[in-house]
Amino acid sequence: MKKAVVALGVSGALVAGWYAFSHFGHFGHDHAHSHDHGHNHSHSHDHGAGGHAHGVGQMSLFVDNTDVSLFFHAPAGDVIGFEHYPRDEEERAHAGAALTFLASGEWMQFPQRAECTLQSGTADSDQLDEANEGHADVTVDLMFTCERPRHLTQATVQLFETYSALERIDAHWIRGNNTDTAELTPAITTFRIR
Ligand SMILES: [Zn+2]
């Protein structure tokens, strides 16, 4: 496994969705990533306060009618357990398993009545790039379709149980003219969406 990009049917819709998403502005973390899905991870780790802070992840959710785009970003050390290039098959398998889980979207819960299903999911870490040195991040892109979006009133993130090193997720959502932020912790894993 050269690249641990787990793609569950990447579609044009995902690309289009992401394009709109990434151009929606600044979600409070102005890091200099280029999220062009594995072609060029030009990370800069000195992107100001709150950049790659261990224990802190960032999440952005963009709702456009039935389409929900989710972006999650966290230090690799918090979700994989290390940030160096895998030293052996065991570490490589461990990283791969974590990325597979993150790409599955199973950790993201919407109200059942909203009838949301995952359309595509990718997860990648720049620690799998042999040239990468020092810190590494995990990036996750998920795309859901919710058949009954009016019931999409909240979202629950189930990551803290699995990843105890993760202390906080700064979440941000946008839906039409509504937008808000939420600070998620092991004690507060649900945020409301209007
Ligand atoms: Zn780090």
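A: We begin with a definition: two strands pair if DSSP finds at least two bridges between them. The model before us is predicted. In strand 5, valine 138 is the bridge partner of serine 125.

Q: What holds the strands of a sheet together?
A: Strands of a sheet pair through backbone hydrogen bonds, and the pairing is either parallel or antiparallel. Here, strand 4 (residues 116-125) pairs with strand 5 in the antiparallel sense over 9 bridges. Strand 2 (residues 67-75) also pairs with strand 5 in the antiparallel sense, over 9 bridges. Within that pairing, serine 69 has methionine 143 as its bridge partner in strand 5.

Q: How many residues of strand 5 are buried?
A: A residue counts as buried if 20 or more other C-beta atoms lie within 10 Å of its own. In strand 5 (residues 137-146), 9 of the 10 residues are buried, so the strand is largely enclosed by the rest of the structure. For the protein, 38% of the 194 residues count as buried.

Q: In what order do the 3 strands of the open sheet stand?
A: The order is 3-6-9, with antiparallel pairing. Strand 3 (108-109) and strand 9 (190-192) are at the edges with a single partner strand each, so one side of each has no neighbour in the sheet. Strand 3 is joined to strand 6 (residues 154-157) by 2 bridges, and glutamine 109 stands opposite threonine 156.

Q: How many helices and strands does the protein have?
A: The secondary structure comprises 3 helices and 9 strands. Along the sequence, the pattern reads α-β-β-α-α-β-β-β-β-β-β-β.

Terms used
Residues numbered from 1 in each chain as written. Predicted model: local features only at pLDDT ≥ 70, side-chain atom pairs only at ≥ 80, totals over all residues. Helix = DSSP H or I, 4+ residues; strand = E, 2+ residues; numbered from the N terminus. Buried ≥ 20, exposed ≤ 12 C-beta atoms within 10 Å, placed from the backbone.
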